[in-house]
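Here is a short briefing to read alongside the model.

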Amino acid sequence: MVNKKSILDEISWIVFGGSIIGSLFVGVLVYFLLNSAKVEDALIKAIYSIIIIQIAFLIPVYLIRAMIEKYIISKVQEVTNALKEVSMGNLDYEINIEGDNELAELAKSFERMRISMKTIIEKLEEDDF
């Protein structure tokens, strides 16, 4: 099976790149603002500011990513798996996503479609015999 990348991985790389650019920008500003003092002190403070900003930014981003993975991506994967199963002819594959959002509505609509398809096929099979 091919190892598929999640869209969330791509978004994470974009955010990570943006955070690096942003923290480097702040680091350069700190360096130039403190350059009137000792150059070595300004450089050390600039490096510390880059590191602190990266840590302070990436921890919440990682937590947000984990929440998106848990509450959104996993449900999209459930619907995808159900679609694959039904498309392969397994009309007994049930999906149940709780909630009051678009993904839950999509799952409910899919479940209604699956039941309708199963009922129609059962009626067609009964009529053939």
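In this predicted model, Gly-27 has a relative accessibility of 3%, so it counts as buried, the cut-off being under 20%.

**Around Gly-27**
- Leaving aside residues up to four places away in sequence, Gly-27 touches Ala-46, Ser-49 and Ile-50.
- Gly-27 and Ile-53 lie 26 residues apart along the chain, and their C-alpha atoms are separated by 9.0 Å.

**Helix H1**
- Helix H1 covers residues 7-33, which is 27 residues.
- From its first C-alpha to its last, H1 reaches 39 Å, close to the 39 Å expected at 1.5 Å a residue.

**How H1 meets H2**
- The axes of H1 and H2 come within 8 Å and cross at roughly 160 degrees.
- Because an angle over 145 degrees counts as roughly antiparallel, H1 is roughly antiparallel to H2.
- The crossing of H1 and H2 is right-handed.
- Sorted by class, the residues in the contact of H1 with H2 are 20 nonpolar, six polar and four charged.

**How H2 meets H3**
- Helix H2 (residues 39-87) and helix H3 (residues 102-128) have axes that come within 10 Å and cross at roughly 15 degrees.
- Since angles under 35 degrees count as roughly parallel, H2 is roughly parallel to H3.
- The crossing of H2 and H3 is left-handed.
- On the H2 side, the contact is made by Ile-72, Lys-75, Val-76, Val-79, Ala-82, Leu-83 and Val-86.
- Their partners in H3 are Leu-103, Leu-106, Ala-107, Phe-110, Arg-114 and Met-117.
- The residues of this contact of H2 with H3 divide into 11 nonpolar, no polar and two charged.

**Helix H3**
- At 1.5 Å a residue, the 27 residues of H3 should span 39 Å, and this agrees with its end C-alpha atoms, which are 39 Å apart.
- Buried in H3 are Leu-103, Ala-104, Ala-107, Phe-110, Glu-111 and Arg-114.
- H2 is included in what covers these buried residues of H3.

Key: Residues numbered from 1 in each chain as written. Predicted model: local features only at pLDDT ≥ 70, side-chain atom pairs only at ≥ 80, totals over all residues. Heavy atoms only, no water. Axes fitted to C-alpha atoms, helices over the stretch in contact; angles between N-to-C directions. Helix = DSSP H or I, 4+ residues; strand = E, 2+ residues; numbered from the N terminus. Parallel < 35°, antiparallel > 145°, perpendicular 65-115°, else oblique. Left-handed = near helix turned anticlockwise from the far one by under 90°. Contact = heavy atoms within 4.5 Å. Nonpolar A, V, L, I, M, F, W, Y, C, P; charged D, E, K, R; others polar. Expected span 1.5 Å × (residues − 1). Buried < 20%, exposed > 50% of the residue type's maximum accessible area, 1.4 Å probe, protein only.
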